[in-house]
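Here is a short briefing on one protein model. Look at the structure first, then follow the points by topic.

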Amino acid sequence: MLAGMIKARFSSIRVRLLLLVVLSITLAQAIALALSVWQEVTRYAVSKRETLASTAEVLAAASARATAGRDVNAAYQAIRAVGRMDGITFAGIEALDGQPIADVGATEQLASDLVISDATAPLSALALLSSRSVEISVPVTFEGNRVGTLRLIADTRDLPGRLWSAVGITSIGALIALVLALAVALRMQGSITGPLRALTKVMSQVERSHDYSISLPTGTKDEVGVLVGGFNAMIADIRERDIRLAQHLEHLEREVESRTQDFRNAAAEAESANRAKSDFLATMSHEIRTPMNGILVMAELLAVAELPHRARRQAEVIARSGQRLLAIINDILDFS
């Protein structure tokens, strides 16, 4: 039952519109969030590369004389300010043969950490996300000749904070946009779902009561208004059809009643004619058979009386002929 209620609830156009708005805004904000994070990482990569490159070039220029003379103290003095720089964890100077001259700080690097050998090369934002540190190497030149290499390593521990800050700002904007979108959707969806709800209510009422005299105001001229207008036209056609059917039924009832009365009259006339025929046949049977029986009796009496032979034979012919005539009359009366 609960599942049916939930299904009926989510089948509502109003709920579907709200879900569509929420999903659209959520998807758009998710894309905007991803773009914002990517933009922040890209901006961080550019800023990190430029900062490291400029810092390395300054330190390389400051330590050029000390590197050329392999002066450890002077080289250390040139790069010791790195310890006060935020984000930079290591700075080291190496001679051309790879021997270290001076270094400040300490760090642990993984094989997957970024190493920039060309200060002008762009920093990969995707690789930066999986790296804990960034190393840059610049040449140390003195009087136009390369005398060593300066290595500078910076960590990326401030990147998650900047990303979370970008995510927070974007999420707040997304929440505000979602609330505003829902407010606008709730205000505007009434003009869409309102006529549809009224149409659904009227359709249910017509289904229950079969009252086709109901109609809805069209209101708007959009697709919903066209739908409501089509429903009103359909209801009007059904109402007109019912009126014509009722009129036709009334005409048929009158026609049937008229035909029934004609049938009754014809039946009465036929019954009256049948009675008249029966009375006529009964009268004819009595009026014809009575004298015929009398004739036959008298002829039979004459035939058995003492008469001359010729007269007796004539009386017998009269009796036989009378019997045949009476049989024919009986057959005619029975058939009638």
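Strand S4 covers residues 133–142, and seven of its ten residues are buried, so the strand is largely enclosed by the rest of the structure. Keep in mind that this is a predicted model.

**Partners of S4**
- Strands in a sheet pair through backbone hydrogen bonds, in either a parallel or an antiparallel way.
- S4 pairs with strand S3 (residues 114–116) in the parallel sense, over three bridges.
- Within this part of the sheet, valine 115 stands opposite glutamate 135 of S4.
- S4 also pairs with S5, this time in the antiparallel sense, over ten bridges.
- Valine 140 has glycine 148 in S5 as its bridge partner.
- S4 and S5 form a hairpin with two residues between the strands.
- In that hairpin, glutamate 143 takes a positive phi near 55°.

- What is the order of the five strands in the open sheet? The order is S2-S1-S5-S4-S3, and the pairing is mixed.
- Strand S2 (100–105) and S3 stand at the edges, and each has a single partner strand, so one side of each is left without a neighbour in the sheet.
- From one strand to the next, the twist averages 15°.
- Strand S1 (residues 88–95) runs antiparallel to S5, and seven bridges join the two.
- Isoleucine 88 stands opposite alanine 154 in S5.
- Helix H4 (residues 72–79) packs on the sheet and touches S1, S2 and S5.
- The direction of H4 makes about 30° with that of S2.

**Aspartate 155**
- Aspartate 155 lies in strand S5, which spans residues 145–155.
- Is aspartate 155 buried or exposed? Its relative accessible area is 11%, and the cut-off for buried is under 20%, so aspartate 155 counts as buried.
- Leaving aside residues up to four places away in sequence, aspartate 155 touches Tyr44, Lys48, Gly87, Thr89, Arg132 and Ser133.

**Arginine 312**
- Arginine 312 is found in helix H8, residues 309–335.
- Its relative accessible area is 27%. Partly exposed means between the buried limit of 20% and the exposed limit of 50%, so arginine 312 is partly exposed.
- Not counting residues up to four places away in sequence, arginine 312 touches Ala303, Ala305, Glu306 and Leu307.
- Leucine 301 is eleven residues from arginine 312 along the chain, and their C-alpha atoms are separated by 9.9 Å.

Technical notes
Residues are numbered from 1 along each chain as its sequence is written. This is a predicted model: local features need pLDDT of at least 70, side-chain atom pairs count only at pLDDT 80 or more; totals for chains, interfaces and linings use all residues. Side-chain values use heavy atoms; hydrogens and water are left out. Helices (H or I, at least four residues) and strands (E, at least two) are DSSP runs, numbered from the N terminus. Buried means under 20% relative accessible area, exposed over 50%, partly exposed in between (1.4 Å probe, protein chains only). Contact means heavy atoms within 4.5 Å. Two strands pair if DSSP finds at least two bridges between them. Axes are lines fitted to C-alpha atoms, for helices over the stretch in contact, and angles run from 0 to 180 degrees between N-to-C directions.
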